[in-house]
Amino acid sequence: MLTDADRVPLAARAWIADGVRGALVAADGTIDWYCPDGFGGAPALFHLLDPAGAAIRVGPVRQGTGSARRLPPGGQRYR
């Protein structure tokens, strides 16, 4: 299950970039905005802007089963 873009505030995401390309990543590892051709190009992942858009989640395995599935404790910080 991917992060629900409507329920996760923008402040709960991190911006990861190399100066040309960038991605918006939620604390659970969901990448819901990524533009591989640079900031002016078309995004490959755009679930943040369109619920039908593509997204990917890279992160730890969720614990539990069914609706009780949860991520292990974690967090994010900026340097």
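Reply: Happy to! D32 counts as buried, because its relative accessibility is 0%, and buried means under 20%. Please keep in mind that this is a predicted model. You will find D32 in strand β3, which covers residues 30-35. The side chain of D32 has a polar contact with the side chain of R13, at 2.9 Å.

Now move on to the aromatic rings. There are two aromatic pairs by the rule used here. W15 and W33 make up a tilted aromatic pair, with 5.9 Å from centre to centre and 35° between the planes. W15 sits in strand β1 (residues 13-17) and W33 in strand β3, so this pair ties together parts that lie 18 residues apart in sequence. How buried or exposed are these two residues? W33 is buried, because its relative accessible area is 16% and the limit for buried is under 20%. W15 counts as partly exposed, at 44% relative accessibility, since that value falls between the 20% and 50% limits. Ring pairs also bring in F39, linking W15, W33 and F39 into a cluster.

Finally, let us follow strand β1 to its partner. β1 pairs with strand β2 (residues 22-26) in the antiparallel sense, over five bridges. For A14, the bridge partner in β2 is V25. Together β1 and β2 form a hairpin, with four residues between the two strands. In that turn, G19 has a positive phi of about 100°.

Key: Residues are numbered from 1 along each chain as its sequence is written. This is a predicted model: local features need pLDDT of at least 70, side-chain atom pairs count only at pLDDT 80 or more; totals for chains, interfaces and linings use all residues. Side-chain values use heavy atoms; hydrogens and water are left out. Buried means under 20% relative accessible area, exposed over 50%, partly exposed in between (1.4 Å probe, protein chains only). A polar contact is a pair of N or O atoms within 3.5 Å; within protein, one must be able to donate a hydrogen and the other to accept it, and residues adjacent in sequence count only if both atoms are side-chain atoms. Rings of Phe, Tyr and Trp (its six-membered ring) pair if their centres lie within 6.5 Å; planes under 30 degrees apart count as stacked, over 60 as edge-to-face and the rest as tilted. Two strands pair if DSSP finds at least two bridges between them.
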